[in-house]
Amino acid sequence: MPNGAQALMRTLVDSGVTVCFSNPGTSEMHFVAALDSAPGMRAVLCLFEGVATGAADGYARMAGRPAATLLHLGCGLGNGLANLHNARKGRVPVVNIVGDHATYHVKYDAQLQSDIETVARNVSPWVRTSQATQQLCLDAAEAVATSMGPPGQVATLILPADVSWSEGGVPAAPQRVTPPACNSDEAVAAIARKLQAGGRNALLLGGRALREPALMAAARVAARTGAKLLAEVFPTRIERGAGLPYVERIAYFAELASVQLADLDNLILVDAKAPVSFFAYPGKKSYLVPDTCMVHELASPTQDALGSLEKLVHSVGAAGTAPVLRAAARPGRPRGKFTADKVCKAVGHLLPDNAIIVDEAQTSGVMLPIMTVGAPRHDVLTLTGGAIGQGLPCAVGAAVACPDRPVLALVGDGSAMYTIQALWTMAREKLNVIAVVFNNRAYSILNVELQRVGAAAAGSKARQQLDLGNPALDFVQMGQSMGVPAVRATTTAEFVAALEQALRTPGPHLIEAVVPSTISGLKLKLLPRVLGSLASLPAPLGRAIKGKLAP
C-alpha cells in the first residue's frame, strides 16, 4: 500500500494537477521522493517561494487548471504570500501543498513551528490540515475541485510529515466541478431594456469575460446598442490584437478613470467589480462610479459570464449583428532617442503571432497597450493584486503551460528584484521567455504617488527611499550568473536588434533596457495607462502622444 505522499501524488495527477512548482524543506521530503512514482507530474524547482507561487498563478491563467505549489512550513508559505495575493485577486485556481511538522511534534513548539492555517487564510478561502493518511487524498481531491470554483481560488492543503510518510494512503477519485449557472432570464431581460433605452451605457468586463468567445458576444451587444466596452484595470488574462474586439481598460489613475466613466447612465458588470480607486487620496473619491450612474450585474464571479452574455445577445436582438473588430496595424520601426516608449513601440512592431505578454512594466509600460492594440493576436497577463514581483514568475508559469508560445515579460527594475530568482528557473527549464527589464534606477511609480497622496515636500531622505541608482543594478550580470543570455541596450537600435535576436533564438533571454524615468515632469493627463488606442483619446491628447513618440 502506498504511503500518504505517493497516494497524494496520484490523486493530484488524476485530478488534472500535473505541474508542481516547488521549494521544499525537510518536512516535504517524502512528497519529493514520491515525485518519482508519478510520471504524470512535472516538478519545477524554484529558488524562492514567491517564484513558485507566481509561477503557479501564471500557469493556471494560461492552462485553465491549477498547478500545485510545494512550500516549506509557515515560513515558506509566508515567503510566497505576495503572489498568492495576486492570484486571489485574479480569481486564479492554485493548490498549495504546505508541509508541516509531524502531528506528534507540534506540541514541542520547535524552531519552525507556526500557525500555518492563520497564515494561509490571508489568501486562501479553503484551508485544511490533513490529520490522517487515510483522509489525505479525499482532502486533496476537494482542494483541487474547490480551487476551480467558480470563482477560481487558492486552496491550501497542509501536510504533516507523518501523514505524508505513513502507509495506508488511498488515492481518491477526482471530484466533479459544478459548471456555473447563467443569470436568470428576468435579470438579463431587465439589463437588455436598460441598454435598448439608449443613453450612455458601458459593459465592464473582467475575468472569463475577456476571453475571445465572451468578447465577441459583448462586442455584438455593443454594436447593437451603442454601449461602450470597458475592461478591469488589471485583467487576469485578456485576449487582444488584430481580429478581436477593442476593449478599453479602466485607467490606473483615478483622475483618468473618472473621465472614462463620466456621464454614464448604466454600468453593466460582467465578471467584474465596480471600479474603485487603487488607493485612497486626500479629498478624492474612492468609489469611481458617477453618482448618477446605475450599476447592474449581468454575471457575478460565481456565474457563467459567457452564457449570460449570450443570453443578452439574444435579448437585445444582436445575434445577427457583426461585432466591430480591430484591424491589423503595427507601429513603425522605432528610431531616435531611447526611451521606455520606444521599447513599447518595438514590442508592437515585432510582436509575433500568439505571443503572451506579462506586463509588470509599471510606469515604463504606459504606451504598451497603445502600441500593441493592432498587433497579431496575443494574451496579456497583468498585476491583478498590485503586489509587485509577479512578472518574472508569472512568465515562468505561462511558458510551462504554453511551451509552443513565445512569452515576453516586461518588468520594472524594482519589481524584477523582488523575484529575480525566476531567471534561474527559466534557464533550468529552457523556457521560451524574453525578459525585458526597464532599468530607470528608480521606483518611478512611487515618485508619482508621493505627490498624489499630498505628502509634504520630499527631502533627501525621502528621495533615497525611491532611488535604485546607488549602487547601480546590473541585470546583465545577474541574468548571465543564472544561465540566461543577457544583453544591455542603451540605444533604440541596440534594443530593436536585441529583441529581434531573442525572438528568433529559442530559450530564455534577458534584455536590460537602460531608459530614463517616464514620470519626471510628466503631467497626469499624459498618462493614459490603459486606454489602448490613440483613436479613443481626445484629439489634443492623441496629438501630444503622437508627437512624443515620433522618431
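Biologist: In which loop does Asp-109 lie?

Modeller: This is a predicted model, so take what follows as a reading of that prediction. Asp-109 has a positive phi of about 50° although it is not a glycine. As for its place, Asp-109 falls in the loop between β4 (94-100) and α6 (116-120).

Biologist: Is Asp-109 buried or exposed?

Modeller: The cut-off for exposed is over 50% relative accessible area. Asp-109 comes out at 54%, so it counts as exposed.

Biologist: And Asp-263, where does that one lie?

Modeller: Asp-263 also isn't a glycine, yet its phi is positive, about 70°. With a relative accessible area of 57%, Asp-263 is exposed. Its place is the loop between α11 (254-261) and β11 (266-270).

Biologist: Which residues are closest to the centre of the largest pocket?

Modeller: That pocket holds about 700 Å³ of space. Helices α3 (49-63), α10 and α12 (305-315) each give its lining at least two residues. There are 30 lining residues, and those closest to the centre are Met-148, Gly-152, Arg-208, Arg-211 and Asp-271.

Biologist: What about Arg-61: buried or exposed?

Modeller: Arg-61 sits in helix α3. Beyond its neighbours within four places in sequence, Arg-61 has contacts that include Asn-86, Pro-235, Arg-237, Leu-381 and Cys-394. Under 20% relative accessible area means buried. At 4%, Arg-61 is therefore buried.

Biologist: How far apart in space are Arg-61 and Gln-260?

Modeller: In sequence, 199 residues separate Arg-61 from Gln-260. Going C-alpha to C-alpha, the distance between Arg-61 and Gln-260 is 28 Å.

Biologist: Now rings. What kind of aromatic pair do Tyr-252 and Phe-253 form?

Modeller: The whole structure has 7 aromatic pairs. For Tyr-252 and Phe-253, the centres are 5.1 Å apart and the planes make an angle of 75°. Planes over 60 degrees apart count as edge-to-face, so the Tyr-252 and Phe-253 pair is edge-to-face.

Biologist: Which residues form one aromatic cluster with that pair?

Modeller: Tyr-252 is buried, at 12% relative accessible area, and Phe-253 is buried too, at 5%. With Tyr-252 and Phe-253, the cluster takes in Phe-234, Phe-278 and Phe-279.

Biologist: Which residue has its charged end over the ring of Tyr-281?

Modeller: There's a charge over Tyr-246 to mention as well: Arg-326 lies over its face, 5.2 Å from the ring centre. For Tyr-281, the charged end is 5.8 Å from the centre of the ring, and it belongs to Lys-284.

Technical notes:
Residues are numbered from 1 along each chain as its sequence is written. This is a predicted model: local features need pLDDT of at least 70, side-chain atom pairs count only at pLDDT 80 or more; totals for chains, interfaces and linings use all residues. Side-chain values use heavy atoms; hydrogens and water are left out. Rings of Phe, Tyr and Trp (its six-membered ring) pair if their centres lie within 6.5 Å; planes under 30 degrees apart count as stacked, over 60 as edge-to-face and the rest as tilted. Buried means under 20% relative accessible area, exposed over 50%, partly exposed in between (1.4 Å probe, protein chains only). A charge sits over a ring if NZ of Lys or CZ of Arg is within 6 Å of the ring centre and within 35 degrees of the ring normal. On a 1 Å grid over the protein atoms alone, a cavity is a set of points where a 1.4 Å probe fits but cannot get out, and a pocket is an open set with protein on both sides within 12 Å along at least five of seven lines; lining residues have an atom within 4 Å of a point. Grid points are joined across faces, edges and corners, and a volume is the space filled by probe spheres set on the points. Helices (H or I, at least four residues) and strands (E, at least two) are DSSP runs, numbered from the N terminus. Contact means heavy atoms within 4.5 Å.
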